[in-house]
Each structure stands twice: as C-alpha cells, then as structure tokens.
Amino acid sequence: VHGITTDSFWDTVFESAAQGANDMGVTLDFNRFEPQESSGILYRKMSAKILSLCQGGEVDGLFVSIPDDIVADAARSCLELNVPVMSINAGFDKSKEMGLIHHVGMVEYNAGYQAGIRMASSAPFTRAFCLNNFPDLPVTVERCSGFEKALLDLGIEYGGEVDVPDDNNVQYWSTVESAVGSSGDWAGEALLLTGSSQIPEAMELKQRHSSVAIASFDTSEALYEGLERGDLLFGIDQQAYLQGYVPIPILTHAAKTKQFFLNHAIESGPSFIISPPNSAEAACRAGSPEFPVCPEFPAENYNYVSDGLIALGYVFIGIQALASVSAISWMCVKRKHVVVQAGQPEFLALVAIGCLIATSAVSLISYIDYSASFIST
C-alpha cells in the first residue's frame with residue numbers, strides 16, 4: 001500500500017490486517033515503506049514488490065492500494081497469473097475497470113460531495129477551500145473534486161483546491177492565508193482538510209481567524225480534541241480498521257472456494273464523526289494497542305433463581321440431611337429390634353445415605369451456577 005510509516009492513518013490498517021490474518025490462520029506479508037524522495041519512487045517500489053510476490057508463485061491472494069497507473073499495471077500482471085486481487089483505500093475506478101474482486105474503502109468523490117453537503121448544513125459560509133496536503137495522490141484530488149461539485153450545486157463559491165505542505169508549519173500558514181486572506185476573522189469562510197494530519201496547523205489558523213469553519217477527513221486524537229473544543233465541525237471516518245481486516249477473510253474464502261460477493265465496492269465510509277469517543281470507549285481503546293473488541297454487555301442474571309429461593313433450598317437440604325442422619329442413627333441404636341431386623345437395616349441405611357448424597361449434589365450445583373454468573377459478569 002502507499003501508506004508510509006509516518007502516516008498514522010495506516011497504523012490502524014496494518015494492525016487490523018495482522019489481526020485478520022491471525023483470526024483466519026493465514027500468513028500475511030504486508031509491506032509498509034519508509035518516506036521516499038517522491039511519490040513516483042514510492043509507486044515504483046510498490047510495483048516491484050507486488051510483481052515479486054505474484055511471480056514467486058507462493059501467494060494465494062493479494063490486496064493493494066492503487067494510487068497510480070504503475071501500481072495498477074503490477075496488479076494486472078497478478079491477475080494474469082490467476083492470483084485473486086482486491087484493492088483497498090485508493091483506486092476504486094481502476095479496481096473496477098480491471099475487474100478486481102472488490103474494493104474496500106470510500107468512493108472518494110462521493111465522500112467529498114457528501115462532505116460539502118454536510119458542511120453547508122453545519123455552518124453558514126459563503127466561500128470554501130479544499131486544503132490538500134497530498135496533491136499527488138488521486139484520492140485527495142477526488143475528495144476536493146466532489147467537494148467542489150457539492151458547493152456548485154448549493155450555489156456556494158468554491159475558492160479552489162489549495163496545495164499545502166505536510167511538513168512545514170510556517171509555509172502551511174502562509175499558503176493558506178495567501179489564498180484566503182491574511183487578516184480578519186474569516187467570517188463566511190470554510191476549510192475542508194483532506195487529511196487529519198493537517199489539524200494542528202489548521203487549529204493555529206483557527207486561533208488567528210476565529211470565525212472560520214473547519215472540517216476534516218480521517219480521524220485522529222487531534223480531531224477528537226478539536227471536536228471537544230468546538231473548533232471542528234466534524235471528521236470523516238473511512239473506518240481504516242475495516243479496510244485492513246475485511247480483505248483477509250474475503251481473499252481466504254476466495255482462494256479456497258473461488259466465491260466472492262457480487263457487488264464490487266464494499267464502502268467503509270464516509271461516516272461523519274461529530275463528537276469524540278465517550279469515556280467508556282476511550283478507556284477500552286487505551287487498554288490495549290491490539291484493537292480489542294469492547295462490547296457493552298446488557299445486565300443479565302444467569303442464575304434464573306432468586307436468592308430467596310436458593311436460601312429456601314438450602315433449608316430443605318438441611319432438613320433432608322438431618323432426617324437422613326437421624327434415621328441412620330436410630331437404626332444403629334435399634335439395630336437388634338425385631339422391626340429393624342425385619343426391615344433390612346443395611347438396605348435402609350443405603351437409602352438414607354443415597355438421599356443425603358442426592359441433596360448434597362443439589363447444593364453443589366447451585367454453588368457452581370452462582371459462581372458461573374459471577375465470572376460471566
């Protein structure tokens with residue numbers, strides 16, 4: 001995939017893919033590249049790795065992002081070698097054109113369009129800009145194109161796509177202020193960020209120009225903090241966890257059965273985030289880096305018997321035990337009496353002992369059931 005090691009969005013994708021491979025019992029070779037001098041170099045390295053995997057003949061399935069034609073050509077070569085291929089995140093159009101099994105991710109143009117509609121309904125503004133920190137990446141360009149179309153349909157002025165640096169704060173602020181204006185509170189202005197890594201720089205602009213409306217693609221801690229302060233309108237979650245996890249079971253199933261879903265696109269977004277996670281979700285996420293599932297179990301009583309009935313049962317058990325012990329004792333004392341002799345005392349003692357064991361078993365069963373309820377909750 002094109003997600004480099006410094007892009008935190010892909011942390012979730014890689015970790016969920018590892019979880020999926022572990023769940024399905026398959027071996028995963030998932031490569032993440034260091035930052036390169038240019039996008040072209042990154043894409044060529046992606047292409048070379050894809051070809052080496054498929055031509056090696058030991059791959060049962062492959063999923064890739066398709067940010068460029070050179071990567072698409074490598075994926076096409078895998079198809080010619082009868083390797084099942086699906087795409088994630090980037091390259092929906094190419095994926096569909098090439099006939100890949102599925103594409104898991106957002107349809108970026110549609111997400112940009114919906115972002116424009118949502119933004120216009122969330123805050124009043126007369127002009128908006130799309131700030132693109134990865135202008136060489138087709139997915140971010142598509143986001144801005146969809147955003148532009150939404151504003152056009154709504155009759156709102158589109159200020160344009162502004163290419164901003166991803167690694168220079170001062171240049172970032174200078175670039176945006178050159179496009180929007182260096183003074184004033186920016187009332188009536190709006191900014192859509194194509195990635196959440198811009199949020200710290202955008203928050204500085206919010207401090208300088210307090211009336212500007214800002215929203216962002218993707219999620220991060222910076223996004224949640226901005227939502228909590230009220231500095232951001234919303235975030236757009238494309239559910240990176242699903243993008244990493246879902247291809248694993250699909251490709252595993254396809255490799256074994258040659259079956260897959262009919263619909264090409266498995267859309268994981270956009271999902272609009274308007275508030276940070278609640279305290280319970282935050283505590284769960286903080287508990288482990290392995291993305292544990294944190295379900296909210298309803299309160300249940302697994303015993304199905306009230307404490308009063310359990311207490312009454314123990315009373316009856318005590319009465320039965322006392323009766324059995326009394327009967328055995330009486331037989332021992334009167335063992336030479338003609339009536340006891342006629343009643344076969346050994347047999348009567350066995351019956352009394354059997355009753356005592358039976359009632360004791362009931363007490364153990366009730367104890368185990370109670371303990372199971374305690375552990376489950």
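Biologist: What makes the contact of Glu189 with Arg127 a salt bridge?

Modeller: A salt bridge is a side-chain nitrogen of Lys or Arg within 4 Å of a carboxyl oxygen of Asp or Glu. The closest N and O atoms of Glu189 and Arg127 are 2.7 Å apart, so the pair meets that rule. Glu189 sits in strand S6 (residues 189–193) and Arg127 in strand S4 (residues 127–132), 62 residues apart, where strands are DSSP runs of E with at least two residues, and helices are runs of H or I with at least four, numbered from the N terminus. Please keep in mind that this is a predicted model, in which local features need pLDDT of at least 70 and side-chain atom pairs count only at pLDDT 80 or more, while totals for chains, interfaces and linings use all residues. Residues are numbered from 1 along each chain as its sequence is written, and side-chain values use heavy atoms, with hydrogens and water left out.

Biologist: Why is Glu189 called buried?

Modeller: Buried means under 20% relative accessible area, exposed means over 50%, and partly exposed is in between, with a 1.4 Å probe and protein chains only. Glu189 has 12% relative accessibility, so the residue counts as buried, and Arg127, at 19%, counts as buried too.

Biologist: How do you know that Glu177 and Arg208 tie together separate parts of the sequence?

Modeller: Their side chains meet in a salt bridge of 3.3 Å, N to O. Glu177 lies in helix H7 (residues 169–180) and Arg208 in helix H8 (residues 199–208), so the pair connects parts that are 31 residues apart in sequence. Glu177 is buried at 16% relative accessibility, whereas Arg208 is partly exposed at 37%.

Biologist: What makes the link of Cys130 and Cys144 a disulfide?

Modeller: In general, a disulfide is a covalent bond between the sulfur atoms of two cysteines. The rule used here asks for a pair of cysteine sulfur atoms within 2.5 Å, and the sulfurs of Cys130 and Cys144 are 2.0 Å apart, so the pair qualifies. With -75° about the S-S bond, this link is left-handed. Cys130 is buried, with a relative accessible area of 0%, and Cys144 is buried at 1%.

Biologist: How many disulfides does the rule give?

Modeller: The count comes to two disulfides, including that of Cys54 and Cys78, whose sulfur atoms are 1.9 Å apart. With 100° about the S-S bond, the link of Cys54 and Cys78 is right-handed.
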